[in-house]
Amino acid sequence: MTGTSTQPRVTINDVAPRDGLQIESRFVPTEEKIRLIDALSRTGLAKIEATSFTSPKAIPNLRDAEAVMRGIERVPGVDYVVLVPNEKGAERALACGVDEINLVLSASDSHGRANLRMTAEQSLERFANILQITKGHDVFVNASISTAFGCPFEGDVPFKRVLSITEKLLAMGVQGVTLCDTTGMANPRQVADLCRETLSRWPWLPVTIHLHNTRGMGLANALVAWQNGITRFDASLGGLGGCPFAPGATGNVCTEDLVHMFEQMGVETGVDLERLIAASELLPTMIGHEVPGQVVKAGTSDRRYPLPEAAMD
Ligand code: COA
Ligand code: ZN
């Protein structure tokens, strides 16, 4: 099926190599990471969040960020994104010639301190310095707002706080914003309201939504975000993912399940689902356990089974 003007095409950033591998109990060897990213690069995905330039003490699983960025094949048409928390991370990212820097801060100060040792205000100060560093470089600067729909320590995060952080990010020159439901606390009504409010204030702004499926609401939230004007999604191959500094965190909304849903609805994603499923099939061996994604196990909904003999007469 093809999309129509009433069914805007969606673009997906696969965050499995970053959000997924950061929380695995074992270190995935660099060459395996490169194999995974190279497989994702051939699926038609618009973006791949390949790694993060964070402290190797904080995120030891991604301590090979430079080697990963230098080892992957850069497929034309795919943007290679990296997560960056501070100036040092930005300098490391620029030295690798990344396409996009995804700055990260937390809407709630308790998660900010646990994850980054920074409040939102402190992160914003660092970002102002980072924007000086990125000046003159051909790099897109996005910012991800963690715990935008709720914090595992503080609970509710008021919309006005998230909107005011977005406003400050834009004032300093950030080019895109991602609203993150870090531990799957968002419900569809809340997602609809924050997406609508954000897009009505800044209709021109590339707004991405980053959902975790911790409480089974991932696809419902994705659908409602799309119905409210969001066309950019973070998702993770196999449904891997989670922030190591957010108690109870589990995987992102699963990329192949998300693509399957949209394609079944006739909404274009640009992604070749068969190739994506083939990439997902690499995961259990790579990480040593099954993955939460469902379509990879059930097959696509056009899968057919032979009728049992007993039903044939
Ligand atoms: N890359 C590599 N090393 C870094 C770094 C970066 N971006 N930022 C800091 N470091 C190193 C410093 O060089 C210093 O090293 P040393 O102990 O050998 O001297 C050490 O880390 C401490 O530096 P400091 O600036 O005091 O950082 P911190 O200890 O306050 O940690 C962060 C702050 C942001 C660097 C750290 O909490 C972090 O990397 N968090 C990542 C969170 C994350 O990715 N969460 C999941 C995704 S949401
Ligand atoms: Zn996440």
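The lining of the second largest pocket in this predicted model divides into six nonpolar, nine polar and one charged residue. Here Ala, Val, Leu, Ile, Met, Phe, Trp, Tyr, Cys and Pro count as nonpolar, Asp, Glu, Lys and Arg as charged, and the others, Gly among them, as polar. A pocket is found on a 1 Å grid over the protein atoms alone, as an open set of points with protein on both sides within 12 Å along at least five of seven lines; a cavity is a set of points where a 1.4 Å probe fits but cannot get out, and lining residues have an atom within 4 Å of a point. Grid points are joined across faces, edges and corners, and a volume is the space filled by probe spheres set on the points. By this definition the second largest pocket holds about 250 Å³ of space. Of its 16 lining residues, Asn213, Cys254, Asp257, Pro292 and Gln294 lie nearest the centre. Helix 10 (residues 255-264) gives the largest share of this lining, three residues. Helices (H or I, at least four residues) and strands (E, at least two) are DSSP runs, numbered from the N terminus.

The largest pocket has a volume of about 660 Å³. It is lined by 33 residues, and Thr54, Ala58, Pro85, Asn115 and Leu116 lie nearest its centre. Two or more lining residues come from each of helix 1 (16-22), helix 4 (87-95), strand 4, helix 5 (109-116) and strand 5 (140-146). This lining consists of 14 nonpolar, 13 polar and six charged residues.

One cavity of 30 Å³ or more is present. The largest cavity has a volume of about 90 Å³. Among the 13 residues lining the largest cavity, Asn13, Lys47, Thr208, Arg232 and Asp234 are the closest to its centre. Strand 1 (11-14), strand 2 (47-52), strand 4 (100-106) and strand 8 (232-235) are the elements that give two or more residues to this lining. Two of the lining residues are nonpolar, six polar and five charged.

The zinc ion (ligand 2) is coordinated by Asp19 (OD), His210 (NE2) and His212 (NE2), at 2.0 to 2.1 Å. Donors are N, O and S atoms within 2.8 Å of the metal (3.2 Å for Na, K and Ca); water is not among the atoms, so sites may look incomplete. Along the chain, the donors follow the spacing D-x190-H-x1-H. His210 is buried, at 4% relative accessible area, and His212 is buried at 3%. Buried means under 20% relative accessible area, exposed over 50%, and partly exposed in between (1.4 Å probe, protein chains only).

The largest nonpolar core contains 91 residues, of which Ile145, Leu169 and Phe233 touch the most other members. Such a core is a set of buried Ala, Val, Leu, Ile, Met, Phe, Trp, Tyr and Cys residues joined through side-chain atoms within 4.5 Å. Beyond residues up to four places away in sequence, Leu169 touches Leu105, Leu124, Phe127, Ala143, Ile145, Val174 and Val177. Contact means heavy atoms within 4.5 Å.

Ser280, in helix 11 (residues 273-280), is buried at 1% relative accessibility. Apart from neighbours within four places in sequence, Ser280 contacts Leu237, Gly238, Glu256 and Val296.

Residues are numbered from 1 along each chain as its sequence is written, and chains are lettered from A and ligands numbered from 1 in the order in which they are written. Local features need pLDDT of at least 70, side-chain atom pairs count only at pLDDT 80 or more, and totals for chains, interfaces and linings use all residues, while side-chain values use heavy atoms, with hydrogens and water left out.
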